[in-house]
Amino acid sequence: MNPRETVVFENGRLAVPDHPAIPYIEGDGIGPDIWKAASRVIDRAVELCWQGERSIVWEEILAGEKAFEETGQWLPPETLEDLRKHRIGIKGPLTTPVGEGFRSLNVTLRQKLDLYACVRPVRWFQGVPSPVREPWKVDMVVFRENTEDVYAGLELEAGSEEALALRAFLQERFGWDIREDAALGVKPISRTGSRRLIRAALEFAVSRGRKSVTLVHKGNIQKFTEGAFRNWGYALAREAYPDKTVAWEDLGENGPGDRVLIKDAIADIFFQQALTRSDEFDVIATMNLNGDYISDALAAQVGGIGMAPGANINYEQGFALFEATHGTAPKYAGQDKVNPSSLILSGAMMLEHMGWSEAARRIERGLESAFARKTVTYDLARLMEGAREVSCSRFADVVCSAMAEEPDGAA
Ligand code: NAD
């Protein structure tokens with residue numbers, strides 16, 4: 001058995017040993033099916049690249065229904081401790097318990113670990129059915145702020161004592177005229193929260209040689225929140241990456257050269273142009289609500305939610321939780337039927353984050369090959385002409401075989 005070692009975060013950098021212990025949450029509903037498939041693909045990719053010199057030592061941690069059955073708690077404190085200790089984790093989807101005092105286990109995990117960046121890469125794989133004509137033009141990475149905006153949960157119910165008190169204060173202090181039966185919500189967008197998210201997007205773009213970062217906002221209407229996000233973004237790029245980025249308005253005749261172009265787009269225009277001129281966008285930095293809509297809309301352009309990987313990351317403390325972005329699809333639970341690609345690709349993102357990029361690339365090529373052969377799960381098979389429908393576990397077999405068939409055989 002391989003030794004069990006721990007990922008360390010020191011001086012702002014991850015140090016990943018050859019046999020890191022990595023915690024995983026299997027997830028509810030279809031979670032066990034997709035976890036079995038995805039972990040097999042991840043392990044196989046690592047084995048093919050390093051023949052045992054590197055491996056992941058998986059360590060199960062509990063959350064959701066399984067945690068409740070075994071411990072009486074939906075999110076046992078040890079789960080958070082393990083994630084803190086190991087820095088990196090991966091999870092399947094979790095049921096949100098109704099009326100248990102928290103809005104969602106996912107939101108709680110993000111808040112407890114202050115995972116401020118929700119990172120969603122969106123690209124098309126050849127052969128995957130898409131509702132748009134030129135899906136190959138989509139290759140974007142969305143950085144969505146995860147802790148602020150209308151998601152902060154600062155809401156007061158219409159007609160409540162609190163809502164009426166706040167309304168009275170706003171009337172008196174600012175002269176704001178708000179209807180008496182209005183619900184009220186607060187939308188915090190801080191400079192601190194915006195800058196750390198935008199810094200992550202800029203750092204990603206600069207270090208990966210990406211073309212541009214687009215700040216997506218509704219600053220034309222919400223000047224002091226969304227407009228400020230835009231302004232803080234341009235200011236940060238000028239301050240932190242003066243040689244490696246260039247703002248759209250500072251662009252000379254020679255174009256950006258090898259610098260990352262910083263631009264911005266009003267959210268509604270962005271939605272149009274992401275469809276009509278997808279290749280003009282690359283890295284996206286945006287706030288929580290815009291980011292929620294944008295991530296799922298872009299995922300739909302390249303084949304839907306069963307395909308979209310994601311991660312929630314705190315770059316300053318080195319915490320990262322990779323996850324399937326779809327839900328628990330309860331009607332398919334235990335049927336070995338659904339598409340495990342979202343969790344497989346989240347695993348590839350995790351390997352990339354660990355610096356094990358060869359294995360990440362190998363997984364992507366394995367998936368490319370499975371899609372090109374049209375050997376796919378039911379959700380894609382029903383939209384593909386001449387497809388062979390396979391189960392979730394069989395799909396993992398196909399990806400593993402495709403990875404092993406690669407001629408180079410090693411990293
Ligand atoms: P869902 O994602 O579970 O299902 C939406 C649709 O997509 C369904 O038709 C489902 O069958 C299909 N689908 C989902 N994943 C698929 C896959 N991998 N392959 C093929 N088809 C797939 O969303 P929902 O029905 O709104 O939510 C069900 C439960 O999941 C709720 O309890 C919700 O709280 C939870 N949820 C969890 C997460 C998460 O953990 N990140 C995200 C969303 C919803």
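## Pockets and ligand shell

In this predicted model, the lining of the second largest pocket consists of seven nonpolar, eleven polar and nine charged residues (nonpolar: Ala, Val, Leu, Ile, Met, Phe, Trp, Tyr, Cys and Pro; charged: Asp, Glu, Lys and Arg; polar: the others, Gly among them). Numbering starts from 1 along each chain as its sequence is written, and side-chain values use heavy atoms, without hydrogens and water. Local features need pLDDT of at least 70 and side-chain atom pairs pLDDT 80 or more, while totals for chains, interfaces and linings use all residues.

The largest pocket has about 1,200 Å³ of space. Among its 43 lining residues, Phe204, Arg208, Tyr315, Glu352 and His353 lie nearest the centre. The lining of the largest pocket comprises 24 nonpolar, seven polar and twelve charged residues.

The ligand is surrounded by 18 residues (a heavy atom within 4 Å), of which Leu94, Asn106, Gly327, Ala329 and Asn339 are the closest. This shell around the ligand has nine nonpolar, seven polar and two charged residues.

| Residue atom | Ligand atom | Distance |
|---|---|---|
| Gly327, polar backbone atom | oxygen | 2.6 Å |
| Thr328, polar backbone atom | oxygen | 3.0 Å |
| Tyr378, polar side-chain atom | nitrogen | 3.3 Å |

Methods: On a 1 Å grid over the protein atoms alone, a cavity is a set of points where a 1.4 Å probe fits but cannot get out, and a pocket is an open set with protein on both sides within 12 Å along at least five of seven lines; lining residues have an atom within 4 Å of a point. Grid points are joined across faces, edges and corners, and a volume is the space filled by probe spheres set on the points. A polar contact is a pair of N or O atoms within 3.5 Å; within protein, one must be able to donate a hydrogen and the other to accept it, and residues adjacent in sequence count only if both atoms are side-chain atoms.
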